[in-house]
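User: I would like to learn how to read salt bridges, helix packing and backbone angles in a model. Please take them one at a time.

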Amino acid sequence: FYNQRDMKQAIYHWETAIQLQPDQVDLLNNLGWILATCPDEKVRNPQKAIAYAKQACELGQFNKPESLDTLAAAYAIAEQFTDAVDTAQKAIALALEAKNQKLASEIEKRLRLYKNKQAYITGNTN
């Protein structure tokens, strides 16, 4: 459903999967990302995005840069830009520590948005 851009169905199925497997970091992270960054404003849900992303971060002991990146995006869509900046900076440090320069560069682009009090929306070329 995600690949077909049917976000409502994708979200429904991710939420169902999370009910069955509540400790799956990737499921939580993916759902948090969609709820934070979806181009369709009706799909975005900042508070749910933060909740799912925080849960993913907690399960990963705040050591997964991808989960922290999602949490930063969720904070930004909720207009909590100070938290978004702080969290993105931690994600960049972890990505660099893991020698994942590509991820670090992607997060740095989003960090610039957060510093300018802008959220990251998938597909936007800000």
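Predicted model: local features only at pLDDT ≥ 70, side-chain atom pairs only at ≥ 80, totals over all residues.

User: How many salt bridges does a search of the whole structure find?

Analyst: Side chains of opposite charge can pair when their charged atoms come close. In this model the search finds 3 salt bridges. One of them joins Glu-15 and Lys-48, whose closest N and O atoms are 3.3 Å apart. Glu-15 belongs to helix α1 (residues 7–20) and Lys-48 to helix α3 (residues 46–59), so this pair ties together parts that are 33 residues apart in sequence. Lys-48 has a relative accessible area of 38%, so the residue counts as partly exposed.

User: Which residue forms a salt bridge with Arg-110?

Analyst: The partner is Asp-69, with 2.7 Å between the closest N and O atoms. This pair also links distant parts of the chain: Arg-110 is in helix α6 (residues 101–115) and Asp-69 in helix α4 (residues 65–77), 41 residues apart.

User: Are Arg-110 and Asp-69 buried or exposed?

Analyst: Both Arg-110 and Asp-69 are buried.

User: Where do Glu-106 and Lys-102 lie?

Analyst: They form a salt bridge with closest N and O atoms 3.1 Å apart. Both residues are in helix α6, with a spacing of 4 residues, about one turn of the helix. Glu-106 has 28% relative accessibility and counts as partly exposed. Lys-102 reaches a relative accessible area of 63% and is therefore exposed.

User: Now helix packing. At what angle do helix α2 and α4 pack?

Analyst: Two values describe such a pair, the angle and the axis separation. For helix α2 (residues 25–37) and α4 the angle is about 30°, and the axes are 9 Å apart. Angles under 35 degrees count as roughly parallel, so α2 and α4 are roughly parallel to each other. The crossing of α2 past α4 is left-handed. On the α2 side the contact is made by Val-25, Asn-29, Gly-32, Trp-33, Ala-36 and Thr-37, and the α4 side includes Glu-66, Ser-67 and Asp-69.

User: How many residues of the contact of α2 with α4 are nonpolar, polar and charged?

Analyst: The division is 6 nonpolar, 5 polar and 2 charged.

User: What are the angle and the axis separation for α4 and α5?

Analyst: Here the angle is about 165°, with the axes 8 Å apart. Angles over 145 degrees count as roughly antiparallel, and α4 and α5 are therefore roughly antiparallel to each other. α4 passes α5 in a left-handed crossing. Among the contact residues are Pro-65, Leu-68, Asp-69 and Leu-71 of α4, and Phe-81, Ala-84, Ala-88 and Leu-94 of α5. The whole set divides into 12 nonpolar, 1 polar and 3 charged.

User: Is Ser-67 buried or exposed, judging by its relative accessible area?

Analyst: Ser-67, in helix α4, has a relative accessible area of 2%, so this residue is buried. Setting aside neighbours within four places in sequence, Ser-67 is in contact with Val-25, Asn-29, Ala-56 and Cys-57.

User: Which residues is Glu-66 in contact with, leaving aside its neighbours within four places in sequence?

Analyst: Glu-66 is in contact with Asn-29 and Leu-103. Glu-66 has its place in helix α4 and, at 35% relative accessibility, counts as partly exposed. Sequence separation and distance in space can be read together: Glu-66 and Ala-88 are 22 residues apart in sequence, while their C-alpha atoms are 9.8 Å apart.

User: Last, the backbone. What is the phi of Gln-61?

Analyst: Phi of Gln-61 is near 55°, a positive value in a residue other than glycine. Gln-61 sits in the loop between α3 and α4, and at 60% relative accessibility counts as exposed.

User: Where is Lys-99, and what is its phi?

Analyst: Lys-99 has its place in the loop between α5 (81–97) and α6. Its phi is about 60°, positive although Lys-99 is not a glycine. With a relative accessible area of 75%, Lys-99 is exposed.

Note on methods: Residues numbered from 1 in each chain as written. Heavy atoms only, no water. Salt bridge = Lys/Arg side-chain N within 4 Å of Asp/Glu carboxyl O. Helix = DSSP H or I, 4+ residues; strand = E, 2+ residues; numbered from the N terminus. Buried < 20%, exposed > 50% of the residue type's maximum accessible area, 1.4 Å probe, protein only. Axes fitted to C-alpha atoms, helices over the stretch in contact; angles between N-to-C directions. Parallel < 35°, antiparallel > 145°, perpendicular 65-115°, else oblique. Left-handed = near helix turned anticlockwise from the far one by under 90°. Contact = heavy atoms within 4.5 Å. Nonpolar A, V, L, I, M, F, W, Y, C, P; charged D, E, K, R; others polar.
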